[in-house]
Amino acid sequence: MIFVSFSKEAGMFKRIKGTQDFLDLTLFNFIIEQAKKHFSEYNFTEIATPVIEPTDLYHRSTGQESEVVTKQMFRIAVKDGEQMCLRPEITPSIIRAFIENNVIQTPWKVFTYGPVFRYERPQKGRYRQFHQLNIEVIGSESISQDASFVKMLDRFFSDKLSLRNYALLINFIGCFEDRKAYRELLSQFLDNVEQDICKECKIRKEKNTLRIFDCKSPDCQKIYKDAPHITDSLCKECKGEWETLQEELTLLSVSYKVEPTLVRGLDYYSKTVFEFVSDSLGSQSAFCGGGRYNQLVSQLGGKGDQPSVGAAPGIERLMLLLEPIRDTLVLPQPPALHLILPMSKKQDMLALLLADTLQSEGLCTDILLEGGSIKSMMRRANRMGAKYVLILGDEEQEEKKVTVKDMVNGKSDQILQVELVEFLKS
Ligand code: AMP
């Protein structure tokens, strides 16, 4: 028999690049709890969809030429040839669920949250597995819906999450016909600067012209500052809606900045597009993106168009924004810990029974079963943040008592075991 010896180093697994272990979920759960509260106050229902979806769903929605589909999809190889992937965004899954489950009650106002996967170069605020909240209104054409939706998000960030240092960037990319006309104008502009733009933008120009605005090269971005604005190519109806949207946002006291180069990286958007950004996040400044998508339902095989609007706040980036103001937030506190210290193995069974009684009464209870001197056990109790220490020694066992030490004021009491719950609850 051959024994292979592994060095400690070689036997250790590391997490996959671009993923994170969350050892403290306080901020994560705070965001989710606040979101559940906030969006249900606005009459949204929580739903959940799978993290694996048919690959084709994203080809037909996010877009064949979008960076998400061309470069960032985690495809899963399955024996029977079925093409599936880990979802690179959630909106198409929600639309699939809307169609597949024959939802007839519209507007369908839903929210969800969970992991999303994109094969990107990891850096601060950019992961390969990250988490998004997703909020969608499916089946509502009114542009006032967009104003109300953006206000709801703004209120979530400012009131529920207490964020201050952020801005809303907004743009209006019109209807299909407007974008067709604009694409020609943009192409003409690009003809004149073609020698100065990067190789990828040259391809984008031919394949999906509006995607040039997603280019990460600062040189290209500088050139595109002089590009024609899509809002100057809007038809009469879209122009009216764009004006109404701005008026209504002002009416609702939402501060915003019009960003003419904001087109968003996904193909299905039409009309309203927006991003919430913060300087505090560095180069990955957007922490929520969204907009209107009017044709996605029919594009994905649904009956007729269901004009919709949605948004996806990124949870990791929200956590980065919350970390510096953590002390000012009203975060849920862990329950007071009651820690039972059996002084020897003889008291273990009694400790188990007492713990079971306290736990059944809803009191947070743990036992130090590893033994040690009273001094070392008290030190551990301190480190664990115990509020009460319940000491069980020979004497306590014999007299059917417990020595209860309040770790905050240092006071000790001997309590009869049968009266312990009542004592701790009072
Ligand atoms: P998008 O659909 O690309 O607009 O993304 C919506 C939001 O998800 C962004 O505003 C970010 O907050 C978050 N997000 C997108 N990509 C990543 C990533 N690779 N890592 C962490 N968060 C991300």
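Helix α7 gives the most to the lining of the second largest pocket, with three residues, where helices (H or I, at least four residues) and strands (E, at least two) are DSSP runs numbered from the N terminus. The structure is a predicted model, in which local features need pLDDT of at least 70 and side-chain atom pairs count only at pLDDT 80 or more, whereas totals for chains, interfaces and linings use all residues. Residues are numbered from 1 along each chain as its sequence is written, and side-chain values use heavy atoms, with hydrogens and water left out.

The second largest pocket has a volume of about 440 Å³. Of its 22 lining residues, Arg-179, Arg-183, Asn-208, Asp-267 and Tyr-268 are the closest to the centre, and the elements that give two or more residues to the lining are α3 (55–60) and α7 (176–193). The lining divides into seven nonpolar, seven polar and eight charged residues, with Ala, Val, Leu, Ile, Met, Phe, Trp, Tyr, Cys and Pro counted as nonpolar, Asp, Glu, Lys and Arg as charged, and the others, Gly among them, as polar.

A search of the whole structure finds one cavity of 30 Å³ or more. On a 1 Å grid over the protein atoms alone, a cavity is a set of points where a 1.4 Å probe fits but cannot get out, and a pocket is an open set with protein on both sides within 12 Å along at least five of seven lines; lining residues have an atom within 4 Å of a point. Grid points are joined across faces, edges and corners, and a volume is the space filled by probe spheres set on the points. The lining of the largest cavity, which includes Tyr-182, Phe-213 and His-229, has six nonpolar, two polar and one charged residues.

Arg-204 is found in helix α8 (residues 199–207) and counts as buried because its relative accessibility is 13%, buried meaning under 20% relative accessible area, exposed over 50% and partly exposed in between (1.4 Å probe, protein chains only). Leaving aside residues up to four places away in sequence, Arg-204 touches Glu-67, Thr-209, Arg-211, Ile-212 and Cys-215, contact meaning heavy atoms within 4.5 Å.

An open sheet of five strands has the order β13-β12-β14-β15-β16, with mixed pairing, two strands being paired if DSSP finds at least two bridges between them. Strands β13 (365–367) and β16 (412–416) stand at the edges, each with a single partner strand, so one side of each lacks a neighbour in the sheet. Strands β12 (residues 338–342) and β14 (residues 388–392) pair in the parallel sense over five bridges, and Pro-342 stands opposite Leu-392 in β14.
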